[in-house]
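Welcome, and thanks for taking a look. Below is a short tour of helices, cores and charged pairs.

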Amino acid sequence: MTETALRAHTAVAVDDLITAAAELARSGRSETALALLDAASTEAPEHRARLALAAAEAALDAGWFKGFDAATTRLGEAAAVAGDLTADARWDLDFLRLRHDYARTVLGDGGFRPGPDGKDPEEMTGLRARAGELRDLAPDLRRRGWVHHYLGLISDNVFGEAAAAPADYEAALAAGEESADDLLTREALRHLGDHAHTRGDHALALELWRRATFLGARAGNVPGTLSQQMLLAVSARDTGDEAGARALAREVARWAEALGARRLADMANGFLGGQDPTAEPES
């Protein structure tokens, strides 16, 4: 059978294709995920729109580790065909835009810069308002939980209102557990652990971070699990186990470099040089 004939006899359901691409992206293979989605051939406008949306999400998920240029492009492509999406999928696109704009706000010129200093107050207020609207319009509990998580991040890292964030993380945790979304549950636990760590409750932080690590691994989130391992290294250093902390960080650096996750590799190498990835950056 020729390649053309083989292609003609090979069909993959759009749902299955999107699921496969999402799992590839979570494993750190975002380029492969995007190539798979780009290779799909369909005449149905609604399917093309769903593939464009899936590509935007895959690129955005990789952004924290590999940069956001691809995500910006893919979001534009998805927006161009948004009219062919269902109402729920249009909500998903709006949420991806919120996630993208949050990342742009807190990363600034490349480094993570939490807090209101140097940020546009109008953009900050707009970001929180958009998140509130998405929460109120969320089609289901799982999606609402994800917006609660981002409301917590916006309080924490955009406004510098640490006391306001845990309530949203708790709401996200409850939604993640009820909807059996391991990734949402993992994110909520990770950030609740950050707050426990800041309070000096290292035992609780370690408990929450360990559970988050397990859930991220179970969901196949390789870069996210590596970033979670960095927090376990922080915990080891906090309790005086410097050898264990350095061993973990070295492995994270090796894996991150192999995946091309430059930001994560830089974080691990910085930790080996004595930096604390959970510390506030210097002004």
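How many residues apart are glutamate 251 and arginine 254 in helix α13 (residues 242-259), and by about what are they separated? They sit three residues apart, so about one helical turn separates them.

## About the model

This is a predicted model, in which local features need pLDDT of at least 70 and side-chain atom pairs count only at pLDDT 80 or more, while totals for chains, interfaces and linings use all residues. Residues are numbered from 1 along each chain as its sequence is written, and side-chain values use heavy atoms, with hydrogens and water left out.

## Charged pairs

Back to that pair: the side chains of glutamate 251 and arginine 254 form a salt bridge, N to O 2.8 Å. A salt bridge here is a side-chain nitrogen of Lys or Arg within 4 Å of a carboxyl oxygen of Asp or Glu. Glutamate 251 is partly exposed at 34% relative accessible area, whereas arginine 254 is exposed at 55%; buried means under 20%, exposed over 50% and partly exposed in between (1.4 Å probe, protein chains only).

Helix α14 (residues 262-272) holds arginine 262 and aspartate 266, four residues apart and therefore separated by about one helical turn. Their side chains meet in a salt bridge at 3.0 Å, N to O. Arginine 262 is partly exposed at 43%, and aspartate 266 is partly exposed at 44%. Elsewhere, salt bridges that share partners link Asp38, Arg74 and Glu77 into one network. The whole structure has 19 salt bridges.

## Helix α11

Helices are DSSP runs (H or I, at least four residues), numbered from the N terminus. Helix α11 covers residues 202-218, 17 residues in all, and spans 24 Å from first C-alpha to last, close to the expected 24 Å; that expectation is 1.5 Å times one less than the number of residues.

Its buried residues are Ala205, Leu208, Trp209, Ala212, Thr213, Leu215 and Gly216. Among the elements covering them are α10 (182-199) and α12 (222-238). After α11 comes glycine 220, with a positive phi near 80°.

## Nonpolar cores

A nonpolar core is a set of buried Ala, Val, Leu, Ile, Met, Phe, Trp, Tyr and Cys residues joined through side-chain atoms within 4.5 Å. The largest one has 61 residues, and Phe95, Tyr102 and Val158 have the most contacts inside it. Apart from it lies another core of 18 residues, including Ala245 and Phe271.

Leaving aside neighbours within four places in sequence, tyrosine 102 contacts (heavy atoms within 4.5 Å) Trp64, Leu127, Tyr150, Leu153, Ile154, Asn157 and Val158.

Key:
Helices (H or I, at least four residues) and strands (E, at least two) are DSSP runs, numbered from the N terminus.
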